Structure formats: C-alpha cells, structure tokens
Amino acid sequence: LDEAFRYLLAADNIPAVRHLVVMHRYVLTRQEKWHQLNRWIKAIPQDYLINDPELLIITAWIQENRERYQDLQDTIKQIDCLLDKRPAGEMPAKSILGELDALKSAQFYLQGDVGQAKNHASLAIERIPENHLSERAFAVLIYAFVHQMDGAVHLSRKIVNDAFSGHETTGTTYTSRLLLTLCFVDWLEGDLAGVQRHAARLLDMG
C-alpha cells in the first residue's frame with residue numbers, strides 16, 4: 001500500500017490518493033497502524049485536505065490518538081463548517097456522522113457534560129457500522145464511561161459486555177478497547193479484583 005501511495009502521489013493523482021486512503025483506513029485503524037495513516041494524511045496537499053470532510057475525520061482520529069485535543073477541537077469545527085455548507089439534500093455518509101458523534105462525545109465527556117456525551121455516543125453507536133471496529137469500540141468506550149460518570153456503573157458494564165457479542169475470541173483492537181474499558185470502570189469503582197481479571201485477559205491477548 002505504501003508503494004502504491006507513493007506512486008499515486010508522485011503522479012499528482014490526488015483523487016486516487018484519496019481513494020486509497022479512504023478505502024484502507026479502517027484496516028489500518030483496526031490494526032493500530034496510526035503511524036502509517038498519519039504519514040499518508042501529512043503527505044496530502046493541505047488545500048485538498050481541508051475541503052474534504054472524510055479526510056478531516058481521519059485527521060481528527062489521528063489527533064485523538066495522539067491526544068492533541070486542541071487540534072482535535074479545531075478539526076471538528078472545520079468538519080461541522082464543511083457539512084453545514086453542503087447543498088440542501090446532499091447528506092454525508094451515515095458512518096461519517098457517526099464518527100463525528102463519537103469524537104464529540106469524547107470532548108463532552110472530558111468537559112463533564114454527561115447529557116451531551118451520552119447523546120452523541122448513543123448516536124455514534126447507532127450510525128457506525130459494526131465492521132468499523134476501532135471507531136465503534138471508541139464510541140462504546142465513551143458510552144460506558146459516561147454511564148459510570150452518571151453513577152450507573154451496572155449499565156456501564158452491561159454496555160461493554162453486550163458489545164462483546166460475537167467478538168469474544170477475536171484478538172483485535174475492538175476486544176482490547178472493550179477490556180480496557182472494563183479495567184477503567186472497575187478501577188474507578190475500586191473493584192481491584194475486576195481490574196486484575198480483565199487485565200489478565202489483556203495480557204493473554206498481548
């Protein structure tokens with residue numbers, strides 16, 4: 001893929017570069033290959049990047065992964081602005097809206113805004129396809145965290161356990177993030193036995 005990317009970029013075929021990035025981005029995030037995705041995004045001309053909501057969503061995920069929260073906030077505003085300027089009746093893909101909801105839910109969680117965080121996380125889970133594992137797991141993670149913050153720890157654990165369905169034995173970032181979520185919730189609740197149990201499963205996967 002890297003070789004294809006370099007050739008397309010050298011040919012100045014930016015639409016083909018975009019197609020390659022968009023087509024393979026979910027594989028890269030599922031495999032935690034953030035360095036490769038970041039390298040691709042940085043190579044795309046800025047004037048092209050800032051006018052493409054999907055490329056900006058990828059940028060936003062990279063910023064979240066790198067914990068560049070101020071940059072993330074600015075990118076989310078850029079995406080909202082682009083979507084607002086779309087012609088009437090022209091709707092962005094449901095999955096893009098879901099990913100935007102997931103990122104917004106994390107921002108509201110960090111601000112302590114339970115209502116907004118819960119609402120956006122719920123919309124994200126509804127909109128993000130099940131095979132977009134990294135992005136969907138992130139939405140589940142925030143949704144569970146918000147319920148724990150709201151005092152409904154039993155619902156927090158249920159959200160995660162329900163999300164495991166069909167993925168219990170897959171060693172993917174999806175399963176890892178769900179186990180990390182359970183570790184975090186149990187840690188905040190002082191359930192050290194729970195933390196140890198879930199951490200042991202993570203170590204086995206690792």
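Buried means under 20% relative accessible area, exposed means over 50%, and partly exposed is in between, with a 1.4 Å probe and protein chains only. Ser134 sits in helix H9. Helices here are DSSP runs of H or I with at least four residues, strands are E runs of at least two, and the numbering goes from the N terminus. What does Ser134 touch, once residues up to four places away in sequence are not counted? Its partners are Thr29, Arg30, Trp34, Thr173 and Arg177. Contact means heavy atoms within 4.5 Å.

A word on the source. This is a predicted model, where local features need pLDDT of at least 70 and side-chain atom pairs count only at pLDDT 80 or more, while totals for chains, interfaces and linings use all residues. Residues are numbered from 1 along each chain as its sequence is written, and side-chain values use heavy atoms, with hydrogens and water left out.

Trp34 brings us to helix H3. H3 covers residues 34-43. Which of its residues are buried? They are Trp34, Gln36, Leu37, Asn38, Trp40 and Ile41. These buried residues pack against a list of helices: H1 (2-10), H2 (14-30), H4 (46-49), H5 (53-65), H9 (133-149) and H11 (173-188).

Now for helix pairs. Two packed helices are described by the angle between their axes and the distance between the axes. The axes are lines fitted to C-alpha atoms, for helices over the stretch in contact, and angles run from 0 to 180 degrees between N-to-C directions.

Pair one is H5 and H6. Their axes come within 9 Å and cross at roughly 165°. H5 and H6 are therefore roughly antiparallel to each other. The cut-offs: under 35 degrees is roughly parallel, over 145 is roughly antiparallel, 65 to 115 is roughly perpendicular, and the rest is oblique. The crossing of H5 and H6 is left-handed. That word applies if the near helix is turned anticlockwise from the far one by less than a right angle; clockwise makes a crossing right-handed. From H5, the contact uses Pro53, Leu56, Ile57, Thr59, Ala60, Gln63 and Glu64. From H6 come Tyr69, Asp71, Leu72, Thr75, Gln78, Ile79, Leu82 and Leu83. The H5 and H6 contact residues divide into 9 nonpolar, 4 polar and 2 charged. Nonpolar covers Ala, Val, Leu, Ile, Met, Phe, Trp, Tyr, Cys and Pro; charged covers Asp, Glu, Lys and Arg; the others, Gly among them, are polar.

Pair two is H6 and H7. H6 spans residues 69-84, and H7 spans residues 94-110. They pack at an angle of about 140°, with axes 11 Å apart. H6 and H7 are therefore oblique to each other. H6 passes H7 in a left-handed crossing. On the H6 side, the contact residues are Tyr69, Leu72, Gln73, Ile76, Ile79, Asp80 and Leu83. On the H7 side, they are Leu97, Leu100, Leu103, Lys104, Gln107 and Leu110.

Glu99, Ala102, Ser105, Ala106 and Tyr109 of H7 meet Glu135, Phe138, Ala139, Ile142, Phe145, Val146 and Met149 of H9. The residues of the H7 and H9 contact are 9 nonpolar, 1 polar and 2 charged.

Next, some single residues. Lys77 lies in helix H6. Is Lys77 buried or exposed? Exposed, at 53% relative accessibility. Lys77 and Arg6 are 71 residues apart in sequence and 30 Å apart in space, C-alpha to C-alpha.

Arg86 is in the loop between H6 and H7. Arg86 is partly exposed, at 27%. Leaving aside neighbours within four places in sequence, Arg86 is in contact with Pro53, Met91 and Pro92.

Leu123 lies in helix H8, residues 114-127. Leu123 is partly exposed, at 24%. Leu123 and Asp101 are 22 residues apart along the chain, with C-alpha atoms separated by 6.5 Å.

Last, the cysteines. Cys81 is partly exposed, with a relative accessible area of 36%. Cys183 is buried, at 11%. A disulfide here is a pair of cysteine sulfur atoms within 2.5 Å. By this rule the count is 0 disulfides.
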